[in-house]
Amino acid sequence: MSPLELDFDSCYRAVSSRDARFDGRFYTAVTTTRIYCRPICPARTPSARNVRFYRHAASAEAAGFRPCKRCRPELSPGDPGWDVRGDLVGRALRLIDDGAADEQGVAGLAQRLHITERHLHRLFVAELGVGPLAVARTKRLLLAKQLLTETALPVTEVAFAAGFGSVRQFNATMRETYGFTPSELRATAGPRTPNPEAAKGTGTGGATLRLRLHRREPYDVDGVFAFLASRAIPGLEVADLTSYARAVPGGTITLTPRRDHIALDVSVADTRQLARVVARCRRLLDLDADPEAIAQALGPTSLGPLVAARPGLRVPGAFDGFELAVRAVVGQQISVAGARTLLGRIVARAAAPDGLFPTPAHLLDTDLTGLGLTGRRIDTLKDLAARVTDGHLDLDGGQDPAEAVAELLEVRGIGPWTASYIALRALRDPDAWPTGDLVLNKRMAALGIPHDHIERWRPWRAYAALHLWSSS
């Protein structure tokens with residue numbers, strides 16, 4: 001089944017066998033119950049004549065179906081087809097996940113993508129059958145459903161955390177769409193998993209919430225957490241093979257691997273940031289990738305032994321695009337340990353009072369001399385920060401990846417390797433290849449892999465690079 005098309009027979013076979021590979025790719029709506037489910041739902045498989053298949057949960061809800069309480073569509077991993085698309089709809093969906101539509105409205109979302117609101121609506125209807133407003137509303141409802149089911153957050157706070165303007169609007173929308181109120185859902189949700197941290201104060205005005213982030217298996221937990229741990233910036237992050245913690249706007253997060261999901265403990269003063277935090281954590285850990293498609297493409301190539309040795313390998317992303325770009329610039333031609341030291345000094349001098357990585361505007365106003373950075377490197381960082389500040393460069397999903405790379409290459413001191421590395425991690429380009437990387441060249445030589453094989457690894461060259469880096 002193509003990730004962009006729904007074939008009824010293929011979908012029905014996947015549902016009948018509860019094939020986890022298709023979880024997140026489509027949803028099954030049952031006309032007799034008016035409920036929609038994930039392909040892995042444990043309920044009895046409905047008769048083929050009573051099912052409809054939809055690409056997106058918003059499409060199912062727009063057709064009058066409500067989410068299943070057993071398989072919980074809000075826990076479904078993201079569709080890997082959208083995860084790798086750099087076109088307008090793919091970028092718009094990632095921005096909606098990031099809360100852009102809730103904060104700026106659909107008009108603001110379209111403006112960030114440099115198109116008209118009408119054109120954006122037309123693209124969504126053609127691809128998904130519903131407009132961006134319906135998609136944003138479904139994201140809010142599903143996040144609210146997860147919060148009501150998994151946490152003890154008061155209903156009033158759930159409403160605002162999910163992006164609703166008022167409790168009345170929240171109650172009315174949930175009753176209209178799902179047929180029950182938030183209080184009714186919570187009453188039937190059953191016991192919530194206790195979080196030993198929840199009773200503790202967070203220092204930010206709220207308690208710690210624990211949410212489950214589901215992933216597509218196989219997932220190379222050790223590889224992802226080892227990668228992040230080796231690059232953790234002192235004063236900003238604390239990481240090892242068992243957890244990853246960092247400061248985020250208004251609070252902190254901790255990510256801990258579990259048997260079939262990642263536990264996210266998040267404490268933020270403003271719960272309206274939850275949607276953005278969840279979306280960025282998913283990108284940071286590359287939870288929505290399609291390991292089967294990657295293995296099928298790279299396995300038969302000269303990378304076969306590496307792919308077999310590290311099933312489910314992921315490309316760690318970035319919590320913040322500008323932060324990752326600064327990491328890439330600072331890390332040019334020095335060791336990972338050396339880069340950590342310099343980045344720690346930048347955070348110590350330029351970080352906001354809450355310990356966050358400096359914003360582009362803050363970095364522009366900070367004196368970076370005396371930290372061990374060369375004058376040329378400082379100029380590069382200042383030029384980069386200026387382009388992000390004035391809107392010429394968007395590293396958090398709004399800009400076409402090719403345009404963003406072209407803009408990066410205009411920055412003094414940023415060459416093909418740095419731009420490709422930023423594309424690989426911040427822009428989530430699955431085919432980015434860090435040209436001229438010394439470690440990659442050495443590993444390919446040691447394994448006897450000719451350089452013309454790089455083209456054979458398309459469209460997953462970013463994952464090829466991680467396999468080679470991880471094998472050293």
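The buried residues of α1 pack against β1 (27-30) and β3 (51-54). This is a predicted model, where local features need pLDDT of at least 70, side-chain atom pairs count only at pLDDT 80 or more, and totals for chains, interfaces and linings use all residues. Residues are numbered from 1 along each chain as its sequence is written, and side-chain values use heavy atoms, leaving out hydrogens and water.

**Exercise 1.** Find which residues of α1 are buried, and work out why they line one face of the helix.

*Solution.* Start with the range: α1 covers residues 8-16 (helices are DSSP runs of H or I, at least four residues; strands are E runs, at least two). Next, pick out Ser10, Cys11, Ala14 and Val15, which are buried (under 20% relative accessible area, 1.4 Å probe, protein chains only).

**Exercise 2.** Determine how α15 and α18 are oriented to each other.

*Solution.* First, take the axes of α15 (residues 321-330) and α18 (residues 375-389): they come within 10 Å and cross at roughly 160° (lines fitted to C-alpha atoms over the stretch in contact, with angles from 0 to 180 degrees between N-to-C directions). The two helices are therefore roughly antiparallel (angles over 145 degrees).

**Exercise 3.** Is asparagine 50 buried or exposed?

*Solution.* Locate asparagine 50 in the loop between β2 (35-37) and β3. Its relative accessibility is 18%, so asparagine 50 counts as buried.

Definitions and conventions. Buried < 20%, exposed > 50% of the residue type's maximum accessible area, 1.4 Å probe, protein only. Arc of directions from axis to C-beta. Contact = heavy atoms within 4.5 Å. Parallel < 35°, antiparallel > 145°, perpendicular 65-115°, else oblique.
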